[in-house]
Amino acid sequence: MHIRWKLRMAAAQREVWTGTELRRLLAERGGLELSSASVSALFTKEPSQIKLSTLLALCTALDCTPNDLFDLDTTPDRVPAEPSAPTASEPAARRVGGRSMPPV
């Protein structure tokens, strides 16, 4: 799975070209005061995490939805290996949704 951060594109589509403009909009419309460094980091890098309050402020400031800020690719990175058959000494486990369940 991969997440692509599209804040810069979403901002550009709304004619917000600089971190300074975004910071002003976040304060005015979103009610969120962020440092210049924090806004710059959001603008230039893909965050590893984001607070819901920050996401809400970004969406309010840019009049967008979270779908405008993220692209989600839910394709697995690799195919899981087939599980080996249980040995005679261990009971067979049920498989539900790809996960093994305890023996019944």
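The model is predicted, so local features need pLDDT of at least 70 and side-chain atom pairs count only at pLDDT 80 or more, while totals for chains, interfaces and linings use all residues. Residues are numbered from 1 along each chain as its sequence is written, and side-chain values use heavy atoms, with hydrogens and water left out.

**Salt bridges**

A search of the whole structure finds four salt bridges, a salt bridge being a side-chain nitrogen of Lys or Arg within 4 Å of a carboxyl oxygen of Asp or Glu.

Select Asp 71 and Arg 4, whose closest N and O atoms are 2.8 Å apart in a salt bridge. Asp 71 belongs to strand 2 (residues 70-73) and Arg 4 to strand 1 (residues 2-5), so this pair ties together parts that are 67 residues apart in sequence; helices (H or I, at least four residues) and strands (E, at least two) are DSSP runs, numbered from the N terminus. Asp 71 is partly exposed at 32% relative accessibility, and Arg 4 is partly exposed at 45%, where buried means under 20% relative accessible area, exposed over 50% and partly exposed in between (1.4 Å probe, protein chains only).

Next, select Asp 68 and Arg 14, which meet through their side chains in a salt bridge of 3.5 Å, N to O. Asp 68 lies in helix 5 (residues 66-69), whereas Arg 14 lies in the loop between helix 1 (7-13) and helix 2 (19-28), so the pair ties together parts that are 54 residues apart in sequence.

Then move to Glu 28 and Arg 24, a salt bridge with its closest N and O atoms 3.1 Å apart. Both residues lie in helix 2, four residues apart, about one turn of the helix. Glu 28 counts as exposed at 54% relative accessibility, while Arg 24, at 43%, counts as partly exposed.

**The largest pocket**

Finally, select Leu 34, Ser 38, Ala 41, Leu 42, Lys 45, Pro 47, Gln 49, Ile 50, Lys 51 and Thr 54, which line the largest pocket. On a 1 Å grid over the protein atoms alone, a pocket is an open set of points where a 1.4 Å probe fits, with protein on both sides within 12 Å along at least five of seven lines, and lining residues have an atom within 4 Å of a point. The volume of the largest pocket is about 190 Å³, a volume being the space filled by probe spheres set on the points, which are joined across faces, edges and corners. Helix 3 (residues 36-44) gives the largest share of this lining, three residues.
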